[in-house]
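User: Please give a close account of a single part of this model, together with whatever bears on its surroundings.

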Amino acid sequence: MTTFPSSAIHDSVTSLIDDLDRHPVYENEYFTFLEGTPWTGESFEFHRANFYHRTEGTVKGIAHVCAQAAAHDDMDTLVLFSHILNEETGDGNAAHCHEVLMENTHNRHGQVEFGVAPMLVKEARDSKLLIPETLEYRRRTLELLADSYHSMLGVAMALESHADRMLKICRTAFRNTNKVLPQDKFVHDVEIYFNVHVGDEGVEERHAADAKKCVVNNCHSKADVAAIAAAATATLDIQLEMWNAMHKAVTN
């Protein structure tokens, strides 16, 4: 089922993955802000709207990967990303769908801690709190996903690799502003969204490892590696621009 690349190509892909893991997006200023500065009601609403709109595209992107893997007879990628899609959509239980958990977590925390009115994920697309960089992030990632099969794999690998760090930082920000709910209630009602991704089972780490495996399986030439490198780097670059713009907005 798996076609292994030549040793030279394999080394090139391994080097690319190592380089991407050192991208500056992982140590951006907005993450530092979230770790050290408790939200106000205003900064929480701003974060929620932009995080919703950014993350709403995740499941749609994974579904696109599955459809394209099937169309390209790429059984490994279809199997691995179908598993990811099944987990993201709640393993057949709508209440456990990660988008539903994200919405419940943000709205519960916002109401309890800041008196902020609930907002549906799909309502964020029309929010006046969205910044141009978040809209550009969605536009550019969609463009890269549709560009070519290898570009799509580069985007998927970049997003899955970035997710673990992002969700751990966001969980810390929620913990830092939990003042009202008892610990057990906070974990059950709020922290659950993050724990299904970055809890003891290491789901996001596995997603990232699976995405990298799909990339390695599909690199058979320098052109393949170049296409994946360009798309993955562009994805992390546009994500960094979004985080930097959010940091500027909450600190100015």
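**Lining of the largest pocket**

Analyst: In the lining of the largest pocket, six residues are polar, four are nonpolar and four are charged (nonpolar: Ala, Val, Leu, Ile, Met, Phe, Trp, Tyr, Cys and Pro; charged: Asp, Glu, Lys and Arg; polar: the others, Gly among them). The model is predicted: local features need pLDDT of at least 70 and side-chain atom pairs 80 or more, while totals for chains, interfaces and linings use all residues. Residues are numbered from 1 along each chain as its sequence is written, and side-chain values use heavy atoms, without hydrogens and water.

The volume of this pocket is about 240 Å³ (the space filled by probe spheres set on grid points joined across faces, edges and corners). Its lining comprises 14 residues, of which Glu87, His98, Val196, Glu201 and Val203 come closest to the centre (a pocket is an open set of points on a 1 Å grid over the protein atoms alone, where a 1.4 Å probe fits, with protein on both sides within 12 Å along at least five of seven lines; lining residues have an atom within 4 Å of a point).

At least two lining residues come from each of helix 4 (75–88), helix 5 (98–114) and helix 8 (183–198) (helices are DSSP runs of H or I, at least four residues, numbered from the N terminus). Helix 8 is the greatest contributor, with three residues.

Turning to the surroundings, helix 1 spans residues 7–20. Its buried residues are Ile9, Val13, Leu16, Ile17 and Leu20 (under 20% relative accessible area, 1.4 Å probe, protein chains only; exposed is over 50%). These buried residues pack against helix 7 (149–176), helix 9 (203–217) and helix 10 (222–251) (heavy atoms within 4.5 Å). On the other side of helix 1, Ser7, Ala8 and Asp11 are exposed.

Notes
Expected span 1.5 Å × (residues − 1).
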